[in-house]
Amino acid sequence: MYILWLGEAASFDVALVGGKVANLSRLAATHRVPPGFCLTTTALDEGLNRDMGYDPVEWMLPTLYDNLSHAYSDLEVRCGGHALVAVRSSAADEDGVIASFAGQHDTYLNITGQRQVVEAVVKCWASAKSLRAIEYRRRHGLSLEDTRIAVLVQQMVPADVSAVVFSANPITGNRDELVVNASWGLGESIVSGTVTPDTYVLRKSDLKVLMQEIADKEMMTVALSGGTTEVPVPEKARTQPALTPAELDELARLALSLEGEMGWPVDIECAFCDGLLYLLQCRPITTLR
C-alpha cells in the first residue's frame, strides 16, 4: 500500500502514515483540512530503488513512480485544476506525546508538476537521515536504526495570515490558558523564527484576552515560483494586528474543540485565506509536564 488519502480509515494508522498525517486524517471529515495524499512508510521500504542514480526520479521503482503520478493527477482534479502543493515528512514517531520533530525534517512549499513533487519527496526521505534529525532522535531516546517515514503531498493554502495556537500555555504550563501566535503570510516565518509574531494569551473558560502583544512584523514568507521567499511587510501593516477579533475568537474555539476531540492539549498550525480558516497541523504539546 503506497498511497493513502487524508480521511481514509487506513490513514489513521501511525505506523503507515506517521503522526502528522494520522492526526490530520482523523480531523479531515470534520474540519477544513486541505486535500492531500500520503506516500506511506511502505513506499519507502518497498518502492525505493536500491541501485539509485543521480536523478531523483531513478530513486523510485516504476510502480511507485506511477502510483505517485496518478495520485498527483487526482489531486489536481480535486483542487480544480493546477495544483500547488506542500510536501512534508511524517515520521512514524513524529507529532507524538514524546517528540514533535518540529523543524527536524524537510518541508517543501509551492511545488507544482510531477517531477518537482518526486524530487521533493526524495528530499524529504533523505532529511530523515540528516545529522540534525539523527541528533534529535538521540536526545529523545528514539531509535536511530529503523526510521520509518511517510511523506504528505497536500494542497497548499496561500495564507493571508498564519497562526500557531496552543490549547495550554506552553511556557508556564497553565492549562487554563490558550496562547495564539499570528503573523502575515505563510506560517514558515513563525515556525522558523524569522518573524516576531503577534502574541495573545486567552482565558480558556470565557476566551477573555488576558494579554496581547502586537509585534513589529518586519518580514513575511510568501509563495515564489517553485518555493517561497521572505519579503518585507508593507510599512503600514507591520504594527497592525494580523488577526481581527473575530479571527482570534475562531482560532481559540478551534483549539478548544480539537483538544476535546483529540484528548490532549494541542499545538495547531492554521491559515486564513480569503476569510476561511484552514487546519494544517495538529499535534500534542510536548513541553507540558
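Which residues of α3 are buried? I put this to a predicted model.

**Helix α3**

I found Leu64, Leu68, Ser69, Ala71, Tyr72 and Leu75 buried in α3. Looking down the helix axis, I saw these buried residues fall within an arc of 165 degrees, so they line one face of α3. I recalled the rule behind such a pattern: an α-helix has 3.6 residues a turn, so residues three or four places apart point the same way. I then turned to the other side of α3, where Pro62, His70 and Val77 are exposed.

What covers the buried residues of α3? I listed β1 (3-5), β2, α2, β3 (85-91), α4 (114-127) and β5 (149-155) among the covering elements.

I checked the span of α3 next. The helix runs over residues 62-78, 17 residues in total. Its first and last C-alpha atoms are 24 Å apart, close to the 24 Å expected at 1.5 Å a residue. Just after α3, I noted glycine 80 with a positive phi of about 85 degrees.

**Helix α1**

I ran the span check on α1, residues 14-27. Its 14 residues put the end C-alpha atoms only 14 Å apart, short of the 20 Å that a straight helix would reach at 1.5 Å a residue. Where does α1 bend? I located a bend of about 80 degrees at lysine 20.

Lysine 20 is also on the list of buried residues in α1. I found 11 of the 14 residues of α1 buried, so the helix is largely enclosed by the rest of the structure.

At the start of α1, I looked at aspartate 13. One of its side-chain oxygens comes within 3.0 Å of the backbone nitrogen of alanine 15.

**Two threonines**

Is threonine 40 buried or exposed? I read a relative accessible area of 0%, so threonine 40 is buried. It sits in the loop between β2 (36-39) and α2 (41-46). A polar atom of its side chain lies 2.6 Å from the backbone oxygen of methionine 1.

Threonine 229 lies in strand β11, residues 227-232. I read 28% relative accessible area there, so threonine 229 is partly exposed. Beyond its sequence neighbours, threonine 229 touches Met220, Thr221, Val222 and Leu224.

How values were computed. Residues numbered from 1 in each chain as written. Predicted model: local features only at pLDDT ≥ 70, side-chain atom pairs only at ≥ 80, totals over all residues. Heavy atoms only, no water. Helix = DSSP H or I, 4+ residues; strand = E, 2+ residues; numbered from the N terminus. Buried < 20%, exposed > 50% of the residue type's maximum accessible area, 1.4 Å probe, protein only. Polar contact = N/O pair within 3.5 Å; in protein donor to acceptor, adjacent residues only side chain to side chain. Contact = heavy atoms within 4.5 Å. Expected span 1.5 Å × (residues − 1). Arc of directions from axis to C-beta. Bend = angle between axes of the 7 residues up to and from the residue.
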